[in-house]
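Hello,

Below is the structure I said I would pass on.

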Amino acid sequence: LIARRAIQHVAQESGINFVPKFISFSSPWGGIESAALGVKYLKTPVPSWIDVCPGSNFLESIFKQPLPADTRFYLIFGIKTRSVPWLPKSNDGVVNVKSELFEKAQKEAHTIYGFRLGHNEILQDWRVAEKLNEFLEK
């Protein structure tokens, strides 16, 4: 989420896009419901939770402007349904798939690719590394 905002900010401020490819992994583009619960019920919520609440000002702001036209965005997501009380059935153990596949993110993605892996597993699997290398070589 922060990388997307940084790409937009640098391109806007400098007039130059330094990032030809942007690859995200299991990102909660649509927010995290459990963060919203924390913000709602905790006396002093974790500040970053405010930003990742569905519909937050931060999440809205990162989609107000598109990625630079010459940045190719690859959206990689995981789905390994786990029975977690605060998540819908389709999730990666941390983020629900609906958030990973948030419509506004999908519209900007050049390629969307999913793996049957959990939120942390996706960063350690050799198949994901191969796909990452394939995207970097294009």
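**Aromatic rings**

Phe73 is buried, at 1% relative accessibility (buried means under 20% relative accessible area, exposed over 50%, partly exposed in between; 1.4 Å probe, protein chains only). This is a predicted model, in which local features need pLDDT of at least 70, side-chain atom pairs count only at pLDDT 80 or more, and totals for chains, interfaces and linings use all residues. Residues are numbered from 1 along each chain as its sequence is written, and side-chain values use heavy atoms, with hydrogens and water left out.

The structure holds seven aromatic pairs (ring centres of Phe, Tyr and Trp, the last by its six-membered ring, within 6.5 Å; planes under 30 degrees apart are stacked, over 60 edge-to-face, the rest tilted). Trp29 and Phe73 make an edge-to-face pair, 5.8 Å centre to centre with 85° between the planes. Trp29 is also buried, with a relative accessible area of 1%.

The rings of Phe63 and Phe102 are tilted, with centres 5.5 Å apart and planes at 55°. Phe63 is buried at 14% relative accessibility, whereas Phe102 is partly exposed at 25%. One aromatic cluster is formed by Phe22, Trp29, Phe63, Phe73 and Phe102.

**Enclosed space**

A search of the whole structure gives one cavity of 30 Å³ or more (a set of points on a 1 Å grid over the protein atoms alone where a 1.4 Å probe fits but cannot get out; lining residues have an atom within 4 Å of a point). The lining of the largest cavity consists of Gly31, Ile32, Glu33, Ser34, Leu87, Val94, Val95 and Asn96.

Regards

Notes. 1 Å grid on protein atoms, 1.4 Å probe; cavity = no way out; pocket = protein on both sides within 12 Å on 5 of 7 lines; lining within 4 Å. Points joined across faces, edges and corners; volume = space filled by probe spheres on them.
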